[in-house]
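Trainee: I have a protein model open and would like to learn how to read it. Could you walk me through a few features?

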Amino acid sequence: MKKEIIKDQLNKNGSLNEPFFFMISYDLSRYEIYKLNELPNDIKFELSKNSNFKSLEKITLSKFPIDYSAYKKAFTSIQNHIKEGNSYLLNLTFKTKIDTSLSLDEIYKKAQALFKLKYKDEFVCFSPEKFIEIKKDKIYTYPMKGTIDAKVPNAQTKILNDTKEMAEHTMVVDLLRNDLSIVSSKVRVDKFRYCEKINAGEKELLQISSRISGELKKDWHKKIGDILTSLLPAGSITGTPKKKTVQILDEIENYKRDYYTGIAGIYDGTSLYSFVLIRFIEKIEDIYYYKSGGGITCDSDIKLEYEELQDKIYIPS
C-alpha cells in the first residue's frame, strides 16, 4: 500500500535528521522524497516567510471555465448530500483550460507567493496556504478558508461578519483541530479568523485564516511519516466529515486531482515546513489547465461560488 510505503520512508528519513524534500499527491498514490542535496534539477521549490509581495507586473491569462450548467449539476448534487446529512462542507474543485504565452518555467520565475514549486514539465504551483509546521516540538496548522475582493466596500468587515463564511471557516477549524489531536496533545486555536491580503493577478483578495497548535513528543522526527499520513488529505481542501466527503467528491468531480491539493515541504534536520498544493497550473499534452475550487455549505450561493472558482484562476506577480 502506497500510504505505508510513504510513511515508512518519511519516518526513516526523519530518523536520520538529514534534510529532505517531500511531495505527496491528494490521494497518496504518487510521491517524491529526496535528500535535499540529491534533489533533481527538474524539481524546483521556494519557501518564503514574506507574504507582502509588491506587484511588479500584471500577468494576464485567458480562462475557459466549466460551463455554468455543468457546475450547477455538481453544485446541486453536493447540496443534496448536505440535505441528507452526508456532509456539511465540501471543497468542490474543477480544472479550467487556460491560455498563456508563458512556459511553466517562466510562470515559476515570475509568480510571487509564499510557496512555489515546479515539478518537471508537469505542473507549477504558487501556493499561499501552509499545511503544517513543526518547530521546537510544537505542530501548527493554518486553515485558510474564505476570500473576498479587496475592492468591495468594507471588505474585511463584510467577510468577517458573513454567516456562510463564518460557518465554513469554523467547520474547517474544528476539523483540523480534531486532526491535530490525532498526532499531538494540548491542541488549541491560537488565532481565529485573521485577515491577509493576497495579490490575485488583476485584483487583490482578502483571505481569512486561523492558527491551531499542538504539542509533540521529542521523538517526533522519527514519526514524520505517521504524522503526515494521519493528517492527509488536508481538511481545508476536502471537507467534513473527511472520509465521507472525500468519497462524495470522488463521485462528483469530473477529473483526477493528482498532485493538486496534495502537499509538499521540507524537513531541515530540525524543523518541518509544508504547504498545500493549490493555485496550480498543470500541463497535459501541451494544454494548460488551472485547478481551483471553493468550499460549499448549505448557505452557499451558486453564482458566488461559480465566480469564486474563476477568481482563483490567476498568477500572482
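Predicted model: local features only at pLDDT ≥ 70, side-chain atom pairs only at ≥ 80, totals over all residues.

Trainee: Is F123 buried or exposed?

Mentor: A residue is called buried when its relative accessible area is under 20%. F123 has a relative accessible area of 2%, so it is buried.

Trainee: Which residues does F123 touch?

Mentor: Not counting residues up to four places away in sequence, F123 touches M23, L104, L117, K118, Y259, F280, I281 and E282.

Trainee: How does strand β7 pair with β6?

Mentor: The two pair in the antiparallel sense, over five bridges. Within that pairing, K116 stands opposite F126 in β7. The hairpin of β6 and β7 has three residues between the strands, and K120 takes a positive phi near 50 degrees there. Strand β6 is also joined by five bridges to β3 (residues 43-47), again running antiparallel. There, I43 stands opposite Y119 in β6.

Trainee: Which way do the side chains of β6 point?

Mentor: Here is the general idea: in a regular strand, side chains alternate between the two faces of the sheet. In β6, F115, L117 and Y119 point one way, while K116 and K118 point the other way. Strand β6 spans residues 115-119, and five of its five residues are buried.

Trainee: What is the largest nonpolar core like?

Mentor: In soluble globular proteins, nonpolar side chains tend to be buried together. The largest nonpolar core of this model has 69 residues, and Y71 and L117 have the most contacts inside it. Leaving out residues up to four places away in sequence, Y71 touches I66, L92, F94, I296, I302, E305, Y306 and L309. Another core lies apart from the largest one; it has 16 residues, including L104, A111, I281 and I315.

Trainee: How many cavities of 30 Å³ or more does the structure hold?

Mentor: Think of a cavity as a space where a 1.4 Å probe fits but cannot get out. The structure holds two cavities of 30 Å³ or more. The largest has a volume of about 200 Å³, and 23 residues line it, with K145, I278, R279, G293 and K312 nearest its centre. Elements giving two or more residues to this lining are β5 (89-99), β10 (144-149), α5 (163-183) and β17 (287-296). Among them, β17 gives the most, with six residues. By type, the lining divides into five nonpolar, ten polar and eight charged residues.

Trainee: What lines the second largest cavity?

Mentor: That cavity has a volume of about 50 Å³, and its lining consists of F131, I132, T141, L176, D179, L180, L231, A234 and G235. The largest share, three residues, comes from α5. This lining divides into six nonpolar, two polar and one charged.

Key:
Residues numbered from 1 in each chain as written. Heavy atoms only, no water. 1 Å grid on protein atoms, 1.4 Å probe; cavity = no way out; pocket = protein on both sides within 12 Å on 5 of 7 lines; lining within 4 Å. Points joined across faces, edges and corners; volume = space filled by probe spheres on them. Helix = DSSP H or I, 4+ residues; strand = E, 2+ residues; numbered from the N terminus. Nonpolar A, V, L, I, M, F, W, Y, C, P; charged D, E, K, R; others polar. Buried < 20%, exposed > 50% of the residue type's maximum accessible area, 1.4 Å probe, protein only. Contact = heavy atoms within 4.5 Å. Core = buried A, V, L, I, M, F, W, Y, C linked by side-chain atoms within 4.5 Å. Pairing = 2+ DSSP bridges.
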